[in-house]
Amino acid sequence: MKKYWDWTLTTLALAFLVAYSYPAFVEVIPASTQTNLDLVQWVSWVAFAADLLFSIAKSDDKIQFLKKHPLEILSVLLPFLRPLRLLRFISFGTLVFDRVNLGKSVSISAKVITTALFLTYLASIEITLAERGQPGATIFNLGDGFWWAITTLTTVGYGDIYPTTTQGRVIAVGLMISGICVLATISATIAAWFVKMTQDASKE
């Protein structure tokens with residue numbers, strides 16, 4: 001039963017991602033379409049909230065549960081984080097890498113890169129919705145949002161496109177911190193890989 005419920009939540013997270021992303025792709029949305037999008041998001045929120053409350057209720061140590069499941073809590077408190085539940089597929093992907101013996105470093109790198117791409121997409125959607133149409137904005141469409149997210153996550157920061165709203169700047173801070181963490185993890189993984197190669201060569 002739990003397996004089917006997990007798949008239901010994953011499906012709802014994917015549906016939420018589509019409903020949440022749609023306004024970034026289409027500027028003018030009919031009222032009927034917007035109603036359907038809102039319905040999908042509300043159904044998703046209710047399901048995730050119910051799942052969280054049920055998990056807390058059946059947990060023996062509720063404080064410890066809250067400490068170990070920050071993503072589930074944030075996905076309910078902050079709706080735009082709900083699609084992050086889809087990151088469970090990344091964990092499955094790393095198991096596939098491990099099974100074909102590509103090494104732990106490869107699986108970690110794949111997980112980090114996939115997470116970075118996913119965060120870039122979410123940030124692009126969020127910054128476009130926050131900035132588009134605002135006075136003095138430099139982000140006018142989703143293409144601008146993608147360009148800004150990529151340059152920010154990679155810490156390049158050309159400065160040609162930047163957020164001007166408070167919400168946009170908050171998103172920018174979060175993405176900057178994520179970018180630093182992602183690059184640090186990738187650099188550490190590559191360094192560990194070179195060290196391992198050197199050690200293996202010295203043993204021959």
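Buried means under 20% relative accessible area, exposed means over 50%, and partly exposed lies in between, with a 1.4 Å probe and protein chains only. By that scale, isoleucine 190 counts as partly exposed, because its relative accessibility is 41%. This is a predicted model: local features need pLDDT of at least 70, side-chain atom pairs count only at pLDDT 80 or more, and totals for chains, interfaces and linings use all residues. Residues are numbered from 1 along each chain as its sequence is written, and side-chain values use heavy atoms, with hydrogens and water left out.

**Fold**
- The chain has eight helices and zero strands.
- Helices (H or I, at least four residues) and strands (E, at least two) are DSSP runs, numbered from the N terminus.
- From the N terminus on, the order of elements is α-α-α-α-α-α-α-α.
- Of the 204 residues in the chain, 36% count as buried.

**Helix H8**
- Isoleucine 190 sits in helix H8, residues 166-203.
- Valine 170 is also placed in H8. It is exposed, because its relative accessible area is 56%.
- Valine 170 lies 43 residues from isoleucine 127 in sequence, and their C-alpha atoms are 9.8 Å apart in space.
- Between isoleucine 171 and glutamate 126, 45 residues apart along the chain, the C-alpha separation is 7.7 Å.

**Surface patch**
- Ile190, Trp193, Phe194 and Met197 make up a nonpolar surface patch.
- Together they have about 410 Å² of accessible area (Shrake-Rupley method, 1.4 Å probe; for residues, only the protein chains shown count as cover).
- Patch residues have over 30% relative accessible area and no salt bridge; nonpolar side chains (Val, Leu, Ile, Met, Phe, Trp, Tyr) are joined within 5 Å, like charges within 9 Å.
- A salt bridge is a side-chain nitrogen of Lys or Arg within 4 Å of a carboxyl oxygen of Asp or Glu.

**Second largest pocket**
- This pocket holds about 310 Å³ of space.
- A pocket is an open set of points on a 1 Å grid over the protein atoms alone, where a 1.4 Å probe fits, with protein on both sides within 12 Å along at least five of seven lines; lining residues have an atom within 4 Å of a point.
- Its lining has 14 residues, with Lys2, Trp5, Asp6, Asp51 and Ser55 nearest the centre.
- Helix H1 (2-25) and helix H2 (31-58) are the elements that give two or more residues to this lining.
- H2 supplies the largest share, six residues.

Methods. Grid points are joined across faces, edges and corners, and a volume is the space filled by probe spheres set on the points.
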